[in-house]
Amino acid sequence: MELYLDLVSPPCRAVYLFAEALKIPYGFKLVELLAGQQYSEEFVRLNLVRKVPVLKDGSFVLTESTAILEYLVQKCSVADHWFPADLQQRARVNEYLSWQHLNLRYHCAKVFLLRTLYPFLMGSEAPKEKMDAAVEDMKQSLNLLEEKFLQDKPFIVGNKISLADLVAMVEIMQPLGVGVDGFEGRPKLTAWRDRVKKELGPKLFERAHEAVLNSSGLQQKMQNNTELQKLKPMFLKYFR
């Protein structure tokens with residue numbers, strides 16, 4: 001089994017952390033997004049959408065991180081708490097996974113991209129009002145994560161870690177790479193982060209986030225990549 005990943009991407013980090021923490025055998029295939037490798041003919045044959053992560057298991061190819069995580073859960077017979085067999089607990093995991101795409105994930109990503117890609121593609125820093133609005137949207141999503149999903153539980157679904165915690169965590173870590181700390185002033189989220197980190201293993205957690213927290217390295221890769229200009233039409237809509 002092969003996993004095509006770039007650890008700058010939160011969904012890739014979720015898949016990577018899960019596979020590594022549970023010692024699932026796989027081959028790591030690096031697809032450097034900031035080098036434009038997702039546009040290579042070889043990768044497009046694998047995934048027409050030109051995105052990572054991608055799982056290849058023999059002749060079977062699967063895209064979308066949450067689908068990949070659920071596939072790994074069922075293929076590798078992992079502990080039940082990751083994706084519970086209990087109908088209502090599994091529904092809670094799926095509830096979070098369904099919500100996060102256009103909420104926490106979208107808003108954390110926008111903060112990150114306004115600080116990284118916007119200056120590169122647009123030739124100037126993001127306007128302050130645009131940046132402030134993005135940070136406020138992220139804060140609102142973090143409020144919902146705390147109040148609706150986490151509440152006073154150790155983890156999103158209850159007393160044990162699940163896929164929901166993993167997927168949430170990698171998104172909140174993304175803005176840290178550009179100096180925006182979603183945990184600041186949120187002791188409940190900070191304590192939850194520490195529990196998730198402990199469950200996954202601190203060294204693994206740090207290794208997974210090393211690339212995204214190295215903002216100078218990201219800037220250098222962008223400066224050396226002309227392929228990123230292909231993204232400009234898409235991000236012009238995103239940055240409105």
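Not counting residues up to four places away in sequence, which residues does Glu146 touch? Please start there and then take me on to the rest.

A: Happy to. Keep in mind that this is a predicted model. With residues up to four places away in sequence set aside, Glu146 touches Gln151, Arg186, Lys188 and Leu189. Glu146 sits in helix 5, which covers residues 128-150. Its relative accessible area is 11%, and because the cut-off for buried is under 20%, Glu146 counts as buried. For a sense of distance, take Arg195, which is 49 residues from Glu146 along the chain: the C-alpha atoms of the two are separated by 15 Å.

The axes of helix 4 and helix 6 come within 10 Å and cross at roughly 0°. Angles under 35 degrees count as roughly parallel, so helix 4 and helix 6 are roughly parallel to each other. On the helix 4 side, the contact is made by Val93, Tyr96, Leu97, Gln100, Leu104, Arg105 and Cys108. Helix 6 brings Leu163, Ala164, Val167, Ala168, Glu171 and Ile172 to the contact. Sorted by class, the residues in the contact of helix 4 with helix 6 are ten nonpolar, one polar and two charged.

Some of these names come back when we turn to empty space. Rolling a probe the size of a water molecule over the atoms shows where such space is left. A search of the whole structure finds one cavity of 30 Å³ or more, and the volume of the largest cavity is about 50 Å³. Its lining is made of Pro11, Ala14, Ser65, Thr66, Gln100, His101, Arg105, Val167, Val170 and Glu171. Helix 1, helix 3, helix 4 and helix 6 are the elements that give two or more residues to this lining. By class, the lining of the largest cavity has four nonpolar, four polar and two charged residues.

Ser65, one of those lining residues, belongs to helix 3. With a relative accessibility of 14%, Ser65 counts as buried. Leaving out neighbours within four places in sequence, Ser65 is in contact with Pro11, Val15 and Pro53. Pro53 deserves a glance of its own: a cis peptide bond joins Val52 and Pro53, with omega about 10°. Pro53 lies in the loop between helix 2 (41-46) and strand 3 (54-57).

Two backbone angles are also worth checking. Most residues other than glycine have a negative phi, and most peptide bonds are trans. Glu64, though not a glycine, has a positive phi of about 80°; Glu64 is in the loop between strand 4 (60-63) and helix 3 and counts as partly exposed at 47% relative accessibility. Ser77, also a residue other than glycine, has a positive phi near 50°. Ser77 is in the loop between helix 3 and helix 4 and is exposed, with a relative accessible area of 64%.

Finally, the open space. The largest pocket has a volume of about 1,200 Å³. Its lining has 34 residues, and Leu33, Lys51, Arg105, Leu113 and Phe235 lie nearest its centre. Helix 4 provides the largest share of that lining, nine residues, while helix 1, helix 4, helix 9 and helix 10 each supply at least two. By class, the pocket lining divides into 22 nonpolar, eight polar and four charged residues.

Key. Residues are numbered from 1 along each chain as its sequence is written. This is a predicted model: local features need pLDDT of at least 70, side-chain atom pairs count only at pLDDT 80 or more; totals for chains, interfaces and linings use all residues. Side-chain values use heavy atoms; hydrogens and water are left out. On a 1 Å grid over the protein atoms alone, a cavity is a set of points where a 1.4 Å probe fits but cannot get out, and a pocket is an open set with protein on both sides within 12 Å along at least five of seven lines; lining residues have an atom within 4 Å of a point. Grid points are joined across faces, edges and corners, and a volume is the space filled by probe spheres set on the points. Helices (H or I, at least four residues) and strands (E, at least two) are DSSP runs, numbered from the N terminus. Ala, Val, Leu, Ile, Met, Phe, Trp, Tyr, Cys and Pro count as nonpolar, Asp, Glu, Lys and Arg as charged, and the others, Gly among them, as polar. Buried means under 20% relative accessible area, exposed over 50%, partly exposed in between (1.4 Å probe, protein chains only). Contact means heavy atoms within 4.5 Å. Axes are lines fitted to C-alpha atoms, for helices over the stretch in contact, and angles run from 0 to 180 degrees between N-to-C directions. Angles under 35 degrees count as roughly parallel, over 145 as roughly antiparallel, 65 to 115 as roughly perpendicular and the rest as oblique.
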